[in-house]
Each structure stands twice: as C-alpha cells, then as structure tokens.
Amino acid sequence: MTATFQPASAPIASAQDLSVDQALSQLASLLQPLGPVADVETLALADALDRMLAEDIVSPIDVPAHDNAAMDGYAFDGNQLQAGAPLVLRVVGQALAGKPWHGTVRAGECIKIMTGAVLPAGLDTVIAHERTEPADAASPDHVRIPAGSVRTGDNRRRRGEDLSQGCVALAAGQRLHPAALGLIASLGQSRVHVRRRLRVAYFSTGDEILHPGTALREGAVYDSNRFSLIGLLQRMGVKVLDLGVVADQPEALQERLREAASLADVVLTSGGISAGEADHTRAMLQRMGSVHFWRLAMRPGRPLAVGLLQPDAGTPFAASRPPARTTVLIGLPGNPVAAMVSFLVFVRPALLQLMGAAAVDGEPAALPQAVAAQALSKRPGRTEYQRGILSKGADGRCLVRTTGPQGSGVLSSMAEADCLIVLEHERAAVQAGETVSILPLQAFP
C-alpha cells in the first residue's frame with residue numbers, strides 16, 4: 001500500500017499565505033499512515049533498530065519474574081526487626097543470580113544473597129553487606145544487623161514491578177531505540193513486527209545547480225540541499241531514492257516527477273516553487289495532480305508546495321486508464337536554510353505521521369523554553385525561525401542567542417546552530433530577558 005494524501009475537501013491553491021499552524025493542521029488532516037497489513041515486516045531484533053513498531057508489544061511474563069534482591073547483602077524476614085534493637089541472624093545458605101536457594105530459612109536465620117537473586121519464600125528484606133557487623137568471634141556463621149540500619153521490605157524488587165503479564169510494554173508507533181530493543185529482548189522475544197520503511201524520492205531543481213567536485217562556473221552554485229536533506233531523511237530511517245538534479249525544463253521535470261511518483265510514497269524536491277518564470281515545480285504539480293497550498297507566512301521558507309501527484313496525468317492515454325494512485329509531493333524552497341527549516345517544521349512530522357508514529361516530537365505546543373540573551377527583531381503576521389545557540393546562565397537558566405546574520409542562504413548558520421528560536425505568528429520584537437520557544441536540533445535523530 002502506498003502512503004497517500006486523503007483529500008478531505010477541495011484542494012487549496014490560495015494566493016493568501018497560510019500561517020504555520022494552519023499549514024501543519026491541513027497537512028496532518030490530509031495524511032494517512034502506511035497500511036496495517038501489507039506494510040508490516042517481521043525482523044530479528046538485531047535488525048530492527050530505529051524502525052517503527054507496527055503493533056503493541058504485550059508482555060507474556062512478569063518482569064521481574066520473581067521477587068529478587070536489589071543489592072548484594074543478606075536476606076531475611078523483616079518482621080523480626082524491633083525498634084531500637086539490633087538483630088543477630090545465623091547465615092544458613094547463599095543465593096546467586098540464576099542459582100536460587102531452595103532450603104528453608106527459619107526464624108533467627110538469613111541467607112547471603114547477590115543482586116538479582118530470587119528471594120526465597122518468607123524473606124522480604126535485604127540489608128547491604130557493608131551495613132552489617134560480625135556477631136562475635138565465637139559465631140563466624142552469624143551476622144549482626146545494627147538497630148535502625150534497615151526497614152522491613154528494603155532492597156526488595158517485587159515480581160512484576162517493572163511489567164506485569166498481559167500489560168502493554170511498548171505501544172505501536174514507537175521508534176525502536178536501543179532501550180526499546182532491550183526491553184523486547186527481556187520479554188524473551190527475538191523478532192518484532194515493524195512498519196516497512198517509507199520510500200522518499202528526492203531531487204534538486206535548477207539550471208544553476210552543480211554537483212560537488214565539478215568546476216564552478218559563473219552564476220552556478222553547488223548542490224548543498226541534496227546532501228543536507230538526504231542526510232535528514234537518512235536519520236529518520238526512511239528509504240531514500242536519490243534522483244539527482246533536474247534542469248529548469250518542464251519536460252524534464254515532468255518525466256522526473258512521473259518517475260519519482262512511480263517509485264516512492266513521498267516525493268521531496270527543492271527549488272522551483274516560487275513565482276519566477278523558470279520555477280516550474282508548482283505549475284507541473286498542478287498539471288499532474290493538485291496543489292493544496294504553496295505560500296506560508298513564515299521566515300525562512302515562505303514558498304512550500306504541498307500536493308498530490310498522479311503519474312499518468314497529462315499523458316495522451318490518461319483519460320482511458322483507471323485513476324492512478326496518488327503520491328505525496330512536498331516542494332521545498334531552494335535557499336539552503338529555508339529548505340532545512342521547512343523540512344524540520346513540515347516534512348519531518350509529515351513523514352512520522354505516514355510512518356505510523358504514535359507521537360511526533362517537536363510539535364509547537366510542546367516546545368521547550370529559553371531566555372533570550374539578546375533583543376530579537378520580529379514583526380507580527382508570520383512565524384520566524386532564527387538559528388540559535390544555547391548556553392547556561394549564571395542563575396542556571398537556559399539562555400539562547402542567535403548565530404548572527406539570519407539570511408536564508410547563510411548555511412553556515414545552520415552548521416553552527418544547536419536550536420531554532422521559534423517566534424510565533426502574532427509575536428512582535430523580543431526584548432532581552434523574555435522567554436522564547438526553541439526547537440532543539442539535537443532532538444532530531
């Protein structure tokens with residue numbers, strides 16, 4: 001099954017700029033995750049790192065499977081403790097992790113126990129070895145527990161304390177990070193059901209775009225977007241189809257879009273979506289499918305084309321064929337910083353939604369806060385994303401300052417930044433000391 005838009009209303013091709021919140025809401029309402037059956041793979045745990053969990057993991061056992069010791073020491077029945085009085089116990093055995101003690105422990109007795117070892121029936125308290133004392137020279141097999149050194153039930157891990165049998169250990173839609181893989185392994189499961197990788201085709205557009213390593217000619221630029229954006233895609237764990245660079249020629253663009261739509265769930269481009277005479281992507285998208293929106297009230301990244309591609313649209317036989325499947329297209333601006341910011345704000349959450357993620361981190365409502373270390377210029381009526389650097393103030397508060405010049409072509413600012421300073425749509429200029437929202441760049445895998 002292909003991940004597609006699900007049109008809830010007529011496509012929108014408004015000349016009015018949408019706010020970021022409006023655009024995110026429209027995008028979220030149009031996207032449908034990968035299908036529940038055809039798009040599920042079963043993998044060995046060792047191959048499942050960073051994949052998206054396709055179904056709930058239900059614990060088949062209690063974890064831990066038995067009451068056990070939380071530290072090395074001595075295990076005994078805590079009911080024998082008396083306030084203000086020491087307790088002397090005879091050591092009658094030893095329990096090791098993986099080697100339980102099967103004898104009987106009576107009143108006045110205890111066993112030596114190691115971390116993780118099973119607590120025998122009737123024993124509910126563990127005291128650390130270093131908190132005990134020898135009873136006396138004449139009783140080397142006894143141990144003395146000083147008054148007040150331990151309470152009944154201390155250092156005992158209860159059966160099912162972590163997970164109880166039948167509970168959901170991991171919910172569908174969670175990315176399988178290393179700790180999640182370890183948790184699944186702790187349940188005795190060696191294989192896991194995951195969503196298949198989302199297929200994303202990418203190409204850059206423009207006659208001025210050169211591949212790194214070729215001679216630079218007048219008016220040309222090297223294709224930085226291709227490497228920045230493909231890097232961001234690879235970090236998300238999608239399957240990237242690199243389709244190179246397409247010149248500013250409508251026929252070439254149409255052919256590349258048709259190829260991309262036949263191969264991928266999502267087509268991602270950069271450049272060619274503004275109102276210039278040589279900017280053909282938006283016009284071709286309208287011809288081959290539909291444009292839902294393309295202008296946003298944001299900086300950087302005002303032009304952002306979002307729509308559907310139908311690979312057969314515009315061909316001589318299209319009318320006689322059944323409707324082709326549709327593929328998501330997101331056309332990013334060509335300026336390097338604008339392309340990366342637009343990816344983080346729009347493309348990343350869209351792809352996570354298509355991948356079936358249970359939650360999308362970095363959503364505007366949940367952004368962390370920092371204190372502006374300097375005044376920030378801003379006018380109401382658009383959302384701005386300024387490149388920032390975080391630091392810790394003398395009072396312990398998190399401070400943020402800009403990287404300097406904020407032009408959308410200053411790619412060095414993105415390399416220097418560790419966050420984006422998010423200045424909301426209706427916000428005006430910010431004074432030093434005011435609180436601002438930030439989008440930490442290190443939060444993105």
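Strand E4 (residues 73-76) and strand E6 (residues 109-113) run antiparallel and are joined by three bridges, where strands are DSSP runs of at least two residues (E), helices are DSSP runs of at least four (H or I), and both are numbered from the N terminus. Two strands count as paired if DSSP finds at least two bridges between them. The model is predicted, so local features need pLDDT of at least 70 and side-chain atom pairs count only at pLDDT 80 or more, while totals for chains, interfaces and linings use all residues. Residues are numbered from 1 along each chain as its sequence is written, and side-chain values use heavy atoms, with hydrogens and water left out.

**The sheet around E4 and E6**

- Within this pair of strands, Gly73 has Ile113 of E6 as its bridge partner.
- An open sheet of six strands, with mixed pairing, has the order E7-E4-E6-E5-E9-E8.
- Strand E7 (125-128) and strand E8 (133-134) stand at the edges with a single partner strand each, so one side of each is left without a neighbour in the sheet.

**The protein as a whole**

- The protein contains seven helices and 26 strands.
- Of its 445 residues, 47% are buried, where buried means under 20% relative accessible area, exposed means over 50%, and partly exposed lies in between (1.4 Å probe, protein chains only).
- Among contacts (heavy atoms within 4.5 Å) between residues at least 6 apart in sequence, 71% join residues at least 24 apart.

**Pairings of strand E24**

- Strand E24 (residues 398-402) pairs in the parallel sense with strand E22 (residues 369-372) over two bridges, and Ala372 has Val400 of E24 as its bridge partner.
- Strand E23 (residues 383-392) pairs with E24 in the antiparallel sense over five bridges, and here Ser391 has Leu399 of E24 as its bridge partner.
- The hairpin of E23 and E24 has five residues between the strands, and in this hairpin Gly396 takes a positive phi near 90 degrees.

**Packing of helices H3 and H6**

- The axes of helix H3 (residues 224-235) and helix H6 (residues 336-354) come within 11 Å and cross at roughly 25 degrees, the axes being lines fitted to C-alpha atoms over the stretch in contact, with angles from 0 to 180 degrees between N-to-C directions.
- That makes H3 roughly parallel to H6, since angles under 35 degrees count as roughly parallel, over 145 as roughly antiparallel, 65 to 115 as roughly perpendicular and the rest as oblique.
- The residues making the contact include Leu229, Leu232 and Leu233 of H3 and Met340, Phe343 and Leu344 of H6.

**Cis peptide bonds**

- Val63 and Pro64 are joined by a cis peptide bond with omega about -5 degrees, and Pro64 lies in the loop between strand E2 (57-58) and strand E3 (68-69).
- The peptide bond from Arg299 to Pro300 is also cis, with omega near -10 degrees, and Pro300 is found in the loop between strand E19 (298-299) and strand E20 (303-309).

**Individual residues**

- Asp50, in the loop between strand E1 (40-44) and E2, has a positive phi of about 70 degrees although it is not a glycine, and counts as partly exposed at 34% relative accessibility.
- Ser19, found in the segment before helix H1 (20-30), is buried with a relative accessible area of 12%, and Ser19 touches Ala297 and His425, not counting residues up to four places away in sequence.
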